[in-house]
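Work through the exercises below with the model open beside the text, and try each task before reading its solution.

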Amino acid sequence: MAFNFDEWIDRHHSDSRKWQKYGDRDILPLWVADTDFRSPPAVIEALQARVAHGVFGYGSEPVELIDIVIERMASRYNWHIEADWLVVLPGVVAGLNLCVRAFTSPGEGTLAPTPIYPPFRQAAAWAGRSQINLQMRLEHQRWVMDLAAAEMQLSGNEKLLMLCNPHNPGGTVYRREELAQQLRFAERHDLIVCSDEIHCDLILEPGLTHIPFATLSEDAAQRSVTLISPSKTFNIAGLGASLAIIPNKALRQRFQEARRGMVPAVDILALTAATAAWRDGQPWLEAQLDYLRHHRNWLCERVNALPGLSVVPPEATYLAWIAARLPEVTSPALWFEKHGLGFSAGREFGDDGFVRFNFGCTRATLEEAVARLERAVAAANA
């Protein structure tokens with residue numbers, strides 16, 4: 001089946017948070033991580049069938065979804081999980097916040113890479129917990145964590161290490177030895193590990209494979225919470241359905257206790273969409289990955305040709321983390337916004353010298369965005 005990712009779908013006056021942000025101003029929204037692609041036909045058909053049923057009462061345990069996840073983890077990652085390890089959630093961000101609240105107490109702290117997806121930082125702040133930033137460094141054209149430098153920052157009160165693999169915003173797919181270093185760090189300091197793996201299906205670099213942190217060893221499994229979701233992969237983020245995989249029973253109980261009365265069950269339509277996506281969406285996903293690879297390669301070539309800009313081609317995700325060092329420009333995000341480009345501001349991730357460019361859009365949108373980017377850079381260097 002052919003899928004048309006060049007199809008323009010007008011989202012200006014829909015319920016799109018992404019497209020409503022700038023109202024009727026001539027600013028291309030390239031910020032929040034949802035794509036402009038129509039969701040897979042299998043998902044749309046499943047939702048239409050569920051809506052046609054006409055009754056939307058309280059949902060039951062999503063047995064089919066759980067079975068699909070168990071099979072998917074085994075076939076893709078050789079990870080043999082059990083049904084009672086799974087906790088169904090209305091979003092990965094809820095999982096990040098639950099981990100902070102379940103596994104740290106007042107006076108205890110968290111650790112997370114920087115730059116990082118803003119909810120990592122917010123989860124600690126909202127819970128009143130401290131957070132040590134583990135600086136990412138550029139090494140052989142990949143963003144990696146500097147764990148050696150982190151050793152000097154620890155106070156001994158840290159309880160939770162928060163990881164993001166593939167990394168957002170840098171696009172790094174961690175190799176086995178890099179994950180092993182993270183595990184050894186967690187073991188030395190007796191840390192529970194929350195691993196956000198929401199982008200695991202969006203590997204763009206040929207030859208790379210996602211490795212779940214929990215598969216490294218039995219110890220890794222027993223000290224970790226893995227967060228997954230089909231939301232970014234299949235453009236169903238507005239239908240929040242995610243899962244936490246928690247092999248350790250005691251950690252699972254603490255996680256569930258933190259959730260009780262605060263985080264609701266998942267919407268029945270979200271469960272329908274998630275089930276259909278993971279069960280029947282692979283052909284669509286393969287086509288999307290091919291489309292995104294071409295976008296990534298073309299975008300990075302054009303960006304790296306511009307004076308003052310540089311980008312490392314992301315190994316995964318549809319997000320480009322662009323360094324912007326332009327004359328007299330103190331806030332790249334605001335400068336580009338004045339030139340019709342709505343990027344995510346780097347300061348939200350921990351570094352105001354960058355912007356995050358969501359290239360999960362049509363080719364026509366991407367080409368217009370790059371044309372505006374070139375004009376904005378020319379104006380800054382004039």
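A residue is called buried under 20% relative accessible area, exposed over 50% and partly exposed in between, computed with a 1.4 Å probe on protein chains only. Helices (H or I, at least four residues) and strands (E, at least two) are DSSP runs numbered from the N terminus. The model is predicted, with local features requiring pLDDT of at least 70 and side-chain atom pairs pLDDT 80 or more, while totals for chains, interfaces and linings use all residues. Residues are numbered from 1 along each chain as its sequence is written, and side-chain values use heavy atoms, without hydrogens and water.

**Exercise 1.** List the buried residues of helix H5 and find which elements they pack against.

Solution. Begin with helix H5, residues 118–126, where Pro 118, Pro 119, Phe 120, Ala 123 and Ala 124 are buried. Next, look for contacts (heavy atoms within 4.5 Å): these buried residues pack against helix H4 (92–103) and against the strands S3 (109–114), S4 (130–138), S6 (158–164) and S7 (192–196). Finally, follow the chain past H5 to Gly 128, which has a positive phi near 75°.

**Exercise 2.** Determine the strand order of the five-stranded open sheet and identify which strands stand at its edges.

Solution. Two strands pair if DSSP finds at least two bridges between them. By this rule the order is S1-S12-S13-S11-S10, with mixed pairing. Strand S1 (28–30) and strand S10 (309–311) each have a single partner strand, so one side of each lacks a neighbour in the sheet. Within the sheet, S11 (residues 319–324) and S13 (residues 354–358) are antiparallel, paired over five bridges, and Trp 321 stands opposite Arg 356 in S13.

**Exercise 3.** Describe how helices H11 and H13 pack against each other, and which kinds of residue make up their contact.

Solution. Take the axes as lines fitted to C-alpha atoms, for helices over the stretch in contact, with angles from 0 to 180 degrees between N-to-C directions. H11 and H13 pack at about 10°, their axes being 11 Å apart. Since angles under 35 degrees count as roughly parallel, the two helices H11 and H13 are therefore roughly parallel to each other. Among the residues that meet are Tyr 291, His 294 and Trp 298 in H11, and Leu 366, Val 370 and Glu 374 in H13. The residues of this contact divide into seven nonpolar, two polar and four charged, where Ala, Val, Leu, Ile, Met, Phe, Trp, Tyr, Cys and Pro count as nonpolar, Asp, Glu, Lys and Arg as charged, and the others, Gly among them, as polar.

**Exercise 4.** Explain which parts of the chain the aromatic pair of Phe 5 and Phe 37 ties together.

Solution. Rings of Phe, Tyr and Trp (its six-membered ring) pair if their centres lie within 6.5 Å, and planes under 30 degrees apart count as stacked, over 60 as edge-to-face and the rest as tilted. Of the 12 aromatic pairs in the structure, the one between Phe 5 and Phe 37 is edge-to-face, at 5.1 Å centre to centre and 80° between the planes. Phe 5 lies in the segment before helix H1 (17–20) and Phe 37 in the loop between S1 and helix H2 (41–53), so the pair ties together parts 32 residues apart in sequence.

Notes: Parallel < 35°, antiparallel > 145°, perpendicular 65-115°, else oblique.
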